[in-house]
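Please open the model in your viewer and keep the selection tool at hand. The tour below goes from one selection to the next and says what is found at each stop.

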Amino acid sequence: MLESPKFIENDLYNGSHAFTWLADMVGLSVDLVNFLLCQISALFLASLFRSMLHPSKVSSKLRHTFALSIGLAFGYFCFGQQAIHIAGLPAICYIVIRTQDPRIVQRAVLLVAMSYLLCVHLMRQLYDYGSYALDITGPLMIITQKVTSLAFSIHDGFVREEEDLTKAQQYHAIRKMPSALEYFSYVWHFQSILAGPLVFYKDYIEFVEGYNLLKRPSTNGSLDNGKRELVLEPSPTKTVIRKVIGSLVCAFIFMKFVKLYPVKNMKEDDFLENTSMAYKYWYAMMATTCIRFKYYHAWLLADAICNNAGLGFAGYDKDGNAKWDLISNINVLSFEFSSNMRDAINNWNCGTNRWLRTLVYERVPKRYGTLLTFALSAVWHGFYPGYYLTFATGAVTVTAARMGRRLFRHRFQSTQLTRMFYDILTCLITRIVMGYATFPFVLLEFMGSIKLYLRFYLCLHIISLVTIFILPQYIRGERRDSSPKSTDSVAASGSVRDSSPTRVPQAARAALAGGNDLNEDEDEDKHAKCKDNTPQLLLTEQQQQRIEQQNNVILQSQTSHHPQQQQKEQQQQPKSPKPPTNARDAISVPHDQCEMDQLSSKLKEKFEAETKNIEEFIDKTVTDTVSGIVEFKNDLMRDIEFPKLKLPGGSAISTPLDAAATSVGLRKRNISSVHENGQCTDASGGDTAEHAAEENSAAFLKKEIEVINAVVQQANVLPAVLSNGHAK
């Protein structure tokens, strides 16, 4: 039997040795036993935290206090005296947050936290070089992510304008300074102090206060009647059981196969000299794969702990099912069967990817985004040379994978068979590249990694450089054709149309289209500038001005001939809606077409609901108006039928005062005395005058009734006109 890995034994461990007897019984080191005991205890405490310390039963202060107290206890049990670093780093950073200006607080906290972490990394390499034993650097790396992300969120909330922020930055922006209790609870809470995952500050505060469970499942019901259904709190039991089982399976695979492919054999001269190149590739792939299952076990168990406490709820999907992947750190199947490097990176250590994107990738110049992101990731991991070899190789291979995808992918999209062949081929290539690029990460040593790379003849490095710099000169990649709308938009805004008689504007438009190479990689679409295979136009300023004048003349002539068509095309141009500020819909922060489709459907549903409310309001208003007009019309008709009512005593009702004096309950309008000149006459002035007044009143009322009839007819038509689409 091969020798067990080195991390099984370590005499420099400072944590508790109370369970040494259990470690000897199961054949593990005491540091791993302590880690497993704390994580299992956290799993059960998380259930109590969700039920007995529910936000509806206790205050948020009690929940904060309980979470940070258990976290500190776990830290001291696992790391002993080294736990002082768990308290020191966040305490110093909190002082910086409270004392520094928000305009520079993010840089100050990043500098202080990374300096502290790098000092601890350096100390570890000096006294325990190359050890895989559990030590304090793991929790400190998570704490560094927390305090730096909090500082950048404070900077975004207090300093930057909302329109300058990305969707994720808008959601995570903090506009209220955290109290000491909230801050240290966020840093030390027991759910993620040992193995993560990273939780952003706003998500954690919503979890403690109970607001993260108030999101309603999406339904197809309308928004009318103002009714709100009772929303039951989603249960994470099924998700927790599934993740715990997956964690146990990964632990079994790791313990079963890690002894078959020990990493240290790749440094032996016998392995380098007496094995074939194909076997070296196979061994590197299998050794790195076995090590990955150790991370799968730790991350899945940590994710289950958070979910069992109620942390990690990401709302509901379109079918109304609860999602618990807000802070998930790994997607095992998606990573192992990824068909390109971008998918592999996005599904591995997702919390760190979100952290790097938030701090670096979205804030630095786009041309340096990939390089600076890999650099910060390497420094954050420590000073082992193998880390830097892995991230340098990774940066080169990722860039080459993007270029190769752009050059070759479209050639395999003609049939279903070729697409399937391309997916299988790229999946196998990705597995080979991952083994080639990541074995220095687990080997740690510089010379050992370089020797093995030389045995590989640096083949993938050479292939990557050829793909980046040489192949684009001879192989033309796929271009994104301009859609009719975009073409019309360009023409309407002053760009060049195809009908231009000059050849230079056509070449310029082709060069513009060449910059929009088809690429499904969202990082490439947003941050990488594609190389253009079309010849570059080297024009002087005078030539450019002459070309612009020619284009303006052409556009003016076209505008004069087709003004209506151009106006219609401008009206048909779609207006891109402002993205929502809810970052839960883009946890992995991919801004792809699928997300825009979801956004457009939500806006459409909201617009239809508002339109329905407007239609109901208009219908109700018109109905009330028509009913009032009809009642007034009926009153006038009764006045025509009974223009003047005589009482038995021989007197007539001529004015409202007389009607009130007669104690008769008639409430008819007396219009017999109303003349066109606005003067009032006495109703008892004689038969001739009385007859003339009645004729004048009848003629006046008939005209008024005709006008009212026309108004009623138009009012009855108005709802039908609105319902035919004018209101919509």
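Begin by selecting Arg 363, which counts as partly exposed because its relative accessibility is 24%, where buried means under 20% relative accessible area, exposed over 50%, and partly exposed in between (1.4 Å probe, protein chains only). This is a predicted model, in which local features need pLDDT of at least 70 and side-chain atom pairs count only at pLDDT 80 or more, while totals for chains, interfaces and linings use all residues. Residues are numbered from 1 along each chain as its sequence is written, and side-chain values use heavy atoms, with hydrogens and water left out.

Arg 363 lies in the loop between α15 (350-361) and α16 (369-381) and Asp 156 in helix α6 (residues 137-158), so the pair ties together parts that are 207 residues apart in sequence; helices here are DSSP runs (H or I, at least four residues), numbered from the N terminus. Asp 156 is buried, at a relative accessible area of 2%.

Next, select Asp 303 and Lys 243, which form a salt bridge with their closest N and O atoms 2.6 Å apart. This pair links distant parts of the chain, since Asp 303 sits in helix α12 (residues 277-308) and Lys 243 in helix α10 (residues 237-257), 60 residues apart. Both Asp 303 and Lys 243 are buried.

For another pair, select Asp 101 and Arg 103, whose side chains meet in a salt bridge of 3.1 Å, N to O. Asp 101 is partly exposed, at 31% relative accessible area, whereas Arg 103 counts as exposed at 56%. In the whole structure, a search finds nine salt bridges.

Finally, select helix α17 (residues 385-408), whose 24 residues should span 34 Å at 1.5 Å a residue, in agreement with end C-alpha atoms that are 34 Å apart; the expected span is 1.5 Å times one less than the number of residues. Of the 24 residues of α17, 17 are buried, so this helix is largely enclosed by the rest of the structure.

Definitions and conventions: Helices (H or I, at least four residues) and strands (E, at least two) are DSSP runs, numbered from the N terminus. A salt bridge is a side-chain nitrogen of Lys or Arg within 4 Å of a carboxyl oxygen of Asp or Glu.
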